[in-house]
Amino acid sequence: ILKSTSAFHSIAEKVAKEKSSETWDIIQNMLGNLDTDLAHGILHWLEEELSFGEETGIRPLTYFPADAVLTWIEEDPEKRAPAIARAAPKTLNKNTDGWITREVLHRYGHLDYVKSAFFSNFNSEGWSGPASEHYRKKRDVARDWLNGEISQSVIDWIKEYIDRLTSMVESEEIREEREF
């Protein structure tokens, strides 16, 4: 069941939005040991809802105070930064939900396992039509994220992401040419 149609999600979303600090306190306690089934379930709920095409899904992580989430990460960054990187919104747009994504990249983007978690997160999606066109659009959006960016960790990640997308575009163009 998609999060947006789940009764649990509807209730959790309402509570989290209305009582964000209190809800985060409960969530961070439940995430005490990230290796438990409960923690995996909570982290899955925090992830951006899988979307199709250019739509964006529900982004529960953004319901909570940024300072509280970042403080929680700082207590054990080796485990918590990649966990949040996998759950963060798939955007670096500072004017929308990308604030937490950008901030985690800024603080921990120099760590390979955090960068890797972000790459995995940003590549979990669905689309229709030619893959080369899909990756080209994603690359254009990523290029826009560079405008005005001052964090070197964020800039480095975006540039690597753009390079990866460029390789994907080229590979898919070759594959698509062979199919036709």
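Here is a walk through the structure above, from the overall fold down to single residues.

A word on the ground rules: this is a predicted model, in which local features need pLDDT of at least 70 and side-chain atom pairs count only at pLDDT 80 or more, while totals for chains, interfaces and linings use all residues. Residues are numbered from 1 along each chain as its sequence is written, and side-chain values use heavy atoms, with hydrogens and water left out.

Let us begin with the fold. The chain has nine helices and zero strands, where helices (H or I, at least four residues) and strands (E, at least two) are DSSP runs numbered from the N terminus. Its pattern along the sequence therefore reads α-α-α-α-α-α-α-α-α. The radius of gyration is 17 Å, close to the 16 Å that the globule rule gives for 180 residues, so the chain is as compact as a globular protein of that length. Here the radius is taken over C-alpha atoms, and the rule is 2.2 Å times the number of residues to the power 0.38. Along the principal axes, the C-alpha atoms fill a box of roughly 55 × 40 × 30 Å.

What share of the contacts in the chain with a separation of 6 or more comes from residues 24 or more positions apart? The share is 64%, with contact meaning heavy atoms within 4.5 Å. Buried residues make up 46% of the 180 residues; buried means under 20% relative accessible area, exposed over 50%, and partly exposed in between (1.4 Å probe, protein chains only). The accessible surface comes to about 10000 Å², of which 50% belongs to carbon and sulfur atoms. These areas come from the Shrake-Rupley method with a 1.4 Å probe, and for residues only the protein chains shown count as cover. As for charge, there are 22 positive and 33 negative side chains, and the centres of the two sets lie 1 Å apart. Lys and Arg count as positive and Asp and Glu as negative, with His and the chain ends not counted; each charge is placed at NZ of Lys, CZ of Arg, CG of Asp or CD of Glu.

Now step inside, to helix 5 (residues 77-87). Its buried residues include Arg80, Pro82 and Ile84, along with Ala81, Ala83, Ala85 and Ala87. Which helices do the buried residues of helix 5 pack against? They meet helix 3 (37-46), helix 4 (66-74), helix 6 (99-108) and helix 7 (112-122). Leu46, in helix 3, is buried with a relative accessible area of 0%. Its C-alpha atom is separated by 8.5 Å from that of Ile84, 38 residues apart along the chain.

A pair of aromatic rings is described by the distance of the centres and the angle of the planes. Rings of Phe, Tyr and Trp (its six-membered ring) pair if their centres lie within 6.5 Å; planes under 30 degrees apart count as stacked, over 60 as edge-to-face and the rest as tilted. By this rule the count comes to 15 aromatic pairs. One of them, Trp24 with Phe64, is tilted, at 5.4 Å centre to centre and 45° between the planes. This pair links distant parts of the chain, 40 residues apart: Trp24 is in helix 2 (residues 20-30), and Phe64 is in the loop between helix 3 and helix 4. Trp24 counts as buried at 0% relative accessibility, and Phe64 counts as buried at 2%.

Phe119 and Trp157 form a stacked pair, 5.0 Å centre to centre with 20° between the planes. Here too the pair links distant parts of the chain, with Phe119 in helix 7 and Trp157 in helix 9 (residues 152-179), 38 residues apart. Both Phe119 and Trp157 are buried. They belong to one aromatic cluster together with Phe118, Phe122, Trp145 and Tyr161.

Back in helix 2, Thr23 is buried, with a relative accessible area of 11%. Leaving aside neighbours within four places in sequence, Thr23 is in contact with Val15, Ala16 and Phe64.

Finally, Ala142 lies in helix 8 (residues 131-146) and counts as buried at 0% relative accessibility. Ala142 touches Ile158, Tyr161 and Ile162, not counting residues up to four places away in sequence. Met168, in helix 9, counts as partly exposed at 24% relative accessibility.
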